[in-house]
Amino acid sequence: MSEHDNALRQQLRRALADEAPAPPFARVWAAAEAGAMARRPPRRRLLLVAMATPVVIVALVLLARPAGQPAKTTPATAAALVDWRPATDFLLATPGGELLSEVPRLGVD
């Protein structure tokens with residue numbers, strides 16, 4: 001054995017001697033359960049939040065809706081929407097795409 005092994009053993013013995021013994025598991029478990037019970041929110045509060053959430057969502061949707069008549073679509077805006085192409089449309093054109101656009105004819109020269 002080398003000096004490093006002996007030094008490491010001595011340090012480990014000192015570290016283990018400094019530690020206090022672990023408390024019994026039953027006591028630790030009981031303390032954890034008591035803490036979990038204390039942090040659990042009351043059911044009444046959860047019920048109130050669950051009932052209020054849909055009401056708040058509906059209110060926000062109604063408030064965010066624009067007032068008055070919706071904007072009328074003119075023929076010019078409709079044509080602009082029909083002719084619109086996304087900026088990334090070129091990514092859909094793949095090499096060899098012309099081969100997939102036709103049905104191959106077999107046995108014909």
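What pLDDT does the protein average, and what share of the residues score at least 70? The average is 82, and 88% of the residues reach at least 70. Here pLDDT is the predictor's confidence in each residue, from 0 to 100. What you see is a predicted model, in which local features need pLDDT of at least 70, side-chain atom pairs count only at pLDDT 80 or more, and totals for chains, interfaces and linings use all residues. Residues are numbered from 1 along each chain as its sequence is written, and side-chain values use heavy atoms, leaving out hydrogens and water.

Now follow the chain. The protein has five helices and zero strands, giving the pattern α-α-α-α-α along the sequence. Helices (H or I, at least four residues) and strands (E, at least two) are DSSP runs, numbered from the N terminus.

Let's look at α3. Its 22 residues should span 32 Å at 1.5 Å a residue, and its end C-alpha atoms are 32 Å apart, which agrees. The expected span is 1.5 Å times one less than the number of residues. α3 also bends by about 25 degrees at A52, with a proline, P54, following within four residues. That bend is the angle between axes fitted to the seven residues ending there and the seven starting there.
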